[in-house]
Structure formats: C-alpha cells, structure tokens
Protein chains: 2
Amino acid sequence: QIVEELKSFFGGGILAGVSVLISAGPTREPIDPVRYISNRSSGKMGYAIAEAAARAGAKVSLVTGPTALKTPPVNEVTWVESSEEMYRCVMSKVPFADIYIGAAAVADYAPETIADRKIKKNQSEMVLRLRKTQDILSAVSASPKRPFTVGFAAETDNLEDYAREKLATKALDMVAANWVGRDKGGFENDDNALFVCWNGGDTYLPLASKKTIAEQLIRLIAERYHAQNSAKDSR
Amino acid sequence: QIVEELKSFFGGGILAGVSVLISAGPTREPIDPVRYISNRSSGKMGYAIAEAAARAGAKVSLVTGPTALKTPPVNEVTWVESSEEMYRCVMSKVPFADIYIGAAAVADYAPETIADRKIKKNQSEMVLRLRKTQDILSAVSASPKRPFTVGFAAETDNLEDYAREKLATKALDMVAANWVGRDKGGFENDDNALFVCWNGGDTYLPLASKKTIAEQLIRLIAERYHAQNSAKDSR
C-alpha cells in the first residue's frame, strides 16, 4: 500500500494511477455436480500480466478461474468458476476500469442444462447439448464507459488472420494472440510468443519467459492507451 | 529404500511386502487440442491412501491423473491424462499387483472424436457426441491373475444401494463410497466420510481428515485381504 502510494507520488511506472482489470485462467462449465468442461489454460500468462501491470504502477483487479498458482501481489483478486460467473464479475468491475485485459480462456460453449444429480451411466453413447456462452470481450467493448479493451486469441492455425478479424469484429483496441499445439509457447508452458495487433499496427513478441512477454505486452498496452488518451484530450 | 527393506526385514506394517497398485485423481478427455471434459477430483483421497499403504509397509505404485498435489513418497508414480491412458497404464501393472485400489475419478464418457484443430465457434448451439470409456475396475476384476480389487463410488444419493450394486455387478472385493455435494466430505475437500462394503459386511468411516480415513481404509483392506488369502491357503 505504502510502496504503491510512494510510486504514485513520485509518478513511478508507465501505468501509475491507471486502473487495470484482468481476467485469467480457465473457466469450468458444470455438466453435473461432479463433471465439467474446461480447457488447458494454466493462468500463468494472465497472472504474469497482472504482476507486470502492478509493477508498472497500475491499480490491478484480477478476476481468475480455478488455477493451481499462487495469486500475484495485486490490489484485488476474485475467484470465479463458470463463464457465467466470470461474465457477471467482470461486468460489475468494468465501470471502474481504465484498461481491460481479457486473458482468461473462457469456455465458448457450456452445457444447456446442468443436472442436479450425478448422471448415471446406463447408455453406451451420450449426447451433450451445448449453448454458446456470453461473449465477455464484446460486452466489455460495447459497454457505456468503455475501457481500453485488450483481447487474447489462442489458435492452432492462421493466427494473424484470426487475430485481426477478432480486433475488427469485437471492436477491440488490441489483440494478443498465441499459437496452440506448437513445440513451444502457449497453454501450460512457462514460455510464450505473441502476435500483437491494434488499429494501425502490429508486432511479434518472440519466444521468451511469460514474465518477459508480460512486461513487453504491458509496455505496448501503456503506449497505445496513452496515445489514445492524448488524442482524445487534444480533440 | 533402506527404510523399506528394514521394515520388511522386521516384518513391520500390516501390508509388509504386499504390492499395492492405486489409481488417483481425475482424467481429462480431450474435445480438441484446447478443451476437455474432466471432474472435480482433487486426487487428495487417492494420494492419502497411497501414503497410508506405504506407511503400512506396502510396495506402492501410483497411477495418477492431472492434480496440483505433491506426489506422496511411494515406490513408483506414473502420470496419465485420459481414461484411455489410465486404462492402458493400470492394465500393464495389474499382473504385478496383490491389491488394486481404484481411487481415480475416471471419466465415464469421452468425446467420440477428437478434433485436430481448435473447433471454431460459429453456431449458437453445439452437440457433443460421447461414447462410454473402458471400465477399468471391471477389467481389473476380470483379469487372469486378479488382485484384491477395491472400487470407489461417489454419489449424490442412494449411496449404500449403489455401492452394494457396484460390488456385485463388477465382482469387486470391496467398495468405498462417498457422498458428493453434501456440506462436508468428498471431492475437493480435506475431510471425507466413507461407506465401505464387502461380501459379508459393511461399515461407516465417519467424517475425519482424508489422512485418517485413508489409514482406516487401509486397515480394512489389509484385514479383508489377509482373510481371503488365509482362506485360499487353507483350502
């Protein structure tokens, strides 16, 4: 607390005094009281970004799905499980955020109905009906007092194309994209490499520790955020 | 190693010299390179049983799905992910086991096909076709050189009935069953309570730490195992 106040007082950090809301980790979509659908996100990238933002002087609120990690030293940590819970929690905090970084691997589909009781296994086949979940990124980007909105993408192929498409269709300020299923980087790894794009530019952050990648990404975000704000101010 | 040899030499422990194979944790059934179906098993109960068996003098081989736990000090630990991997791993070790304890929460159903690439989310609804997985417990119980076979059950209701039914239909030597979704005990908790049944008897192990429950269960297993063996020997 004191350290942070001193930092702000001395104007320390490229995100001093800026409120950053970050979502991280996977979500779990319940099938019944025991079973769920999830994904391979470890939360490492999102946690590293939260820590880098805090070191850059930002007030950081982290909304996280279930992970096995120690939470980083930030201002606020909220644990959620399903995409529905994450949606509600993020949207309640968006009005207070200057920057939103959606680093969580939110499930795109969730079971249509959740069984109250454990489903008994009588049949040799089963059909699980899924419905699309709420799109948190689009909702944040469309919200009234809209923060600078950064989305993530994880793809097995055509990474750059998907990233640019996501930037446009969801009206985001920046998209950070990583490969999945390659030799190195991405889910469950300590290293990562990113393709980052925004309106009017893009760059590659080559393979490095998630800590280093997070610092580089926070620098890019701070640059674009301040550029947008000074453009607004000088209008 | 030396400690174990000394233990065996002095005949220490109710399972001295007995080979115990234990499966623990959840399995993950891949939907595509990123998404999977899993369940809320933390692996704590299975790991506690492995540790209790080792303390009782047994040679312990642990086959475990993905968990966030430190592995217990046993003779051998093998990590697996899918129910298919767990089936193969367990079956390869069964011929060398005197006792098998199936404490893993193996998925009953897995996606029929696994997508090579990340599934794109175009439709508002999706149908996931699942097929029944291999039944590891039944396969162990039906194997030629059959170990003393202990199954687990986790149920939201009618616990005792399901446990006795499982004992009979899968031709097991013992079933340990716990409630799911109650206030205390079971998945993801540090405490547990069990209903244990075998041919000719049953008992309740009331709510206690998983360490205590594991010790009580190992004592029950050792009793029944030695009783069966002396019955065989005196035939």
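This is a friendly dialogue on reading the features of a predicted model.

Colleague: Which ground rules apply to the model before I start reading?

Modeller: Because the model is predicted, local features need pLDDT of at least 70 and side-chain atom pairs count only at pLDDT 80 or more, while totals for chains, interfaces and linings use all residues. Residues are numbered from 1 along each chain as its sequence is written, chains are lettered from A and ligands numbered from 1 in the order in which they are written, and side-chain values use heavy atoms, leaving out hydrogens and water.

Colleague: How many helices and strands does chain A have?

Modeller: Helices (H or I, at least four residues) and strands (E, at least two) are DSSP runs, numbered from the N terminus. In chain A there are six helices and 12 strands.

Colleague: What share of chain A counts as buried?

Modeller: Buried means under 20% relative accessible area, exposed over 50%, and partly exposed in between, with a 1.4 Å probe and protein chains only. Of the 235 residues of chain A, 54% are buried. A contact means heavy atoms within 4.5 Å; among the contacts in chain A with a separation of 6 or more, 62% join residues 24 or more positions apart.

Colleague: What is the strand order in the open sheet of eight strands in chain A?

Modeller: Two strands pair if DSSP finds at least two bridges between them. The order here is E5-E4-E1-E6-E9-E10-E11-E12 in chain A, and the pairing is mixed. At the edges are strand E5 (76–79) and strand E12 (201–209) of chain A, each pairing on one side only. For angles, axes are lines fitted to C-alpha atoms, for helices over the stretch in contact, and the values run from 0 to 180 degrees between N-to-C directions. From one strand to the next, the twist averages 15°.

Colleague: In what sense do E11 and E12 of chain A pair?

Modeller: Strand E11 (residues 191–198) of chain A and E12(A) are antiparallel, over seven bridges. Within E12(A), Ala208(A) stands opposite Asn192(A). Helix H6 (residues 210–233) of chain A lies across E6, E9, E10, E11 and E12 of chain A, and runs at about 160° to E12(A).

Colleague: Which residues of helix H5 of chain A are buried?

Modeller: In H5(A), residues 159–169, the buried ones are Leu159(A), Ala163(A), Lys166(A) and Leu167(A). Looking down the axis, with the arc taken from the directions from the helix axis to the C-beta atoms, these buried residues fall within 100°, so they line one face of H5(A). Their cover includes helix H4 (136–141), E9, E10 and E11 of chain A. The face turned away from the buried side carries the exposed residues Asp161(A), Ala168(A) and Thr169(A). Just after H5(A), Ala171(A) has a positive phi of about 50°.

Colleague: How many aromatic pairs does the structure hold?

Modeller: A pair of aromatic rings is described by the distance of the centres and the angle of the planes. Rings of Phe, Tyr and Trp (its six-membered ring) pair if their centres lie within 6.5 Å; planes under 30 degrees apart count as stacked, over 60 as edge-to-face and the rest as tilted. Over all chains there are four aromatic pairs. In one of them, Phe195(A) and Tyr204(A) have ring centres 5.0 Å apart and planes at 50°, so this pair is tilted. Phe195(A) is buried at 1% relative accessibility, whereas Tyr204(A) is partly exposed at 45%. For Phe148(B) and Tyr225(B), the centres are 6.1 Å apart and the planes at 85°, so that pair is edge-to-face. Phe148(B) lies in strand E9 (residues 148–155) of chain B and Tyr225(B) in helix H6 (residues 210–233) of chain B, so the pair ties together parts that are 77 residues apart in sequence. Both Phe148(B) and Tyr225(B) are buried.

Colleague: Which strands make up the open sheet of four strands?

Modeller: Its order is E7(A)-E8(A)-E8(B)-E7(B), with antiparallel pairing. The edge strands are E7 (109–111) of chain A and E7 (109–111) of chain B, and the twist averages 45° from one strand to the next. Seven bridges join E8 (residues 125–132) of chain A to E8 (residues 125–132) of chain B; Glu125(A) has Arg131(B) as its bridge partner in E8(B).

Colleague: Is Val196(B) buried or exposed?

Modeller: Val196(B), in strand E11 (residues 191–198) of chain B, is buried at 0% relative accessibility. Leaving aside residues up to four places away in sequence, Val196(B) touches several others, including Met174(B), Leu205(B) and Leu217(B).
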